[in-house]
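The paragraphs below walk through one protein chain, from its overall layout to single residues. Please keep the sequence and the model in view while reading.

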Amino acid sequence: MVIDEVPLELVKCGMCGKAIVVEQGERHICSMCVDEEHRLYTSVRALLRDYERSGLSIRDVAEILKVDEYKVTHLVESGYFVLALRGLRPND
Ligand SMILES: [Zn+2]
């Protein structure tokens, strides 16, 4: 018997922390937070463009935008800022 279904995982939404079921490899975001995640991404991207050479940390970004640090971390871990944002660095 061949089983070719993608395994499911129980994870936490990276934005609100709610437990959700996703397919393996899928991003950890619930349907309620997709819009907020996109808005945050847009804000962080604009911020990092302004501060391109100053080497902001994830914590700096969270403080400037007045959002929870784990949400910024979620974006970074989701791979949003790998190439676009050289300035962003881990917290000290
Ligand atoms: Zn959520």
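Helices (H or I, at least four residues) and strands (E, at least two) are DSSP runs, numbered from the N terminus. By that rule Val44 is placed in helix α1. The model is a predicted one, in which local features need pLDDT of at least 70 and side-chain atom pairs count only at pLDDT 80 or more, while totals for chains, interfaces and linings use all residues. Residue numbers start from 1 along each chain as its sequence is written.

The protein chain has three helices and two strands, and along the sequence these run in the pattern β-β-α-α-α. A residue is called buried if 20 or more other C-beta atoms lie within 10 Å of its own, exposed if 12 or fewer, and partly exposed in between, with C-beta atoms placed from the backbone. Of the 92 residues in the protein chain, 20% are buried. Two residues are in contact if their C-beta atoms, placed from the backbone, lie within 7 Å. Among contacts in the protein chain with a separation of 6 or more, 39% join residues 24 or more positions apart.

Where do the buried nonpolar residues gather? A nonpolar core is a set of buried Ala, Val, Leu, Ile, Met, Phe, Trp, Tyr and Cys residues joined through C-beta atoms within 7 Å. The largest such core has eight residues, namely Leu40, Val44, Leu56, Ile58, Val61, Val72, Leu75 and Phe81. Two or more residues of this core come from each of α1, α2 and α3. In soluble globular proteins, nonpolar side chains tend to be buried together.

Val44, a member of this core, counts as buried because 26 other C-beta atoms lie within 10 Å. Leaving aside residues up to four places away in sequence, Val44 touches Val61, Leu65, Val72 and Leu75. Its C-alpha atom is 9.6 Å from that of Ile64, a residue 20 positions away along the chain.

How are the helices set against each other? Two packed helices are described by the angle between their axes and the distance between the axes. Here axes are lines fitted to C-alpha atoms, for helices over the stretch in contact, and angles run from 0 to 180 degrees between N-to-C directions. Angles under 35 degrees count as roughly parallel, over 145 as roughly antiparallel, 65 to 115 as roughly perpendicular and the rest as oblique.

The axes of α1 and α2 come within 11 Å and cross at roughly 110 degrees, so these two helices are roughly perpendicular to each other. At their contact, Ser43, Val44 and Leu47 in α1 meet Val61, Ile64 and Leu65 in α2. By class this contact has five nonpolar residues, one polar and no charged; Ala, Val, Leu, Ile, Met, Phe, Trp, Tyr, Cys and Pro count as nonpolar, Asp, Glu, Lys and Arg as charged, and the others, Gly among them, as polar.

For α1 and α3 the packing angle is about 85 degrees, with the axes 11 Å apart; α1 and α3 are therefore roughly perpendicular as well. Leu40, Tyr41 and Val44 in α1 meet Lys71, Val72 and Leu75 in α3. That contact has five nonpolar, no polar and one charged residues.

Helix α3 covers residues 69–77, and its buried residues are Lys71, Val72, His74 and Leu75. Viewed down the α3 axis, they fall within an arc of 155 degrees (taken from the directions from the helix axis to the C-beta atoms), so they line one face of the helix. The cover over these residues includes α1 (34–50) and α2 (58–65). Just after α3, Gly79 takes a positive phi of about 90 degrees.

Lys66 sits in the loop between α2 and α3 and has a phi near 55 degrees, a positive value in a residue other than glycine. Lys66 is exposed, because 6 other C-beta atoms lie within 10 Å. Arg59, in helix α2, is partly exposed, with 14 other C-beta atoms within 10 Å. The C-alpha atoms of Arg59 and Thr73, 14 residues apart along the chain, are separated by 8.9 Å.
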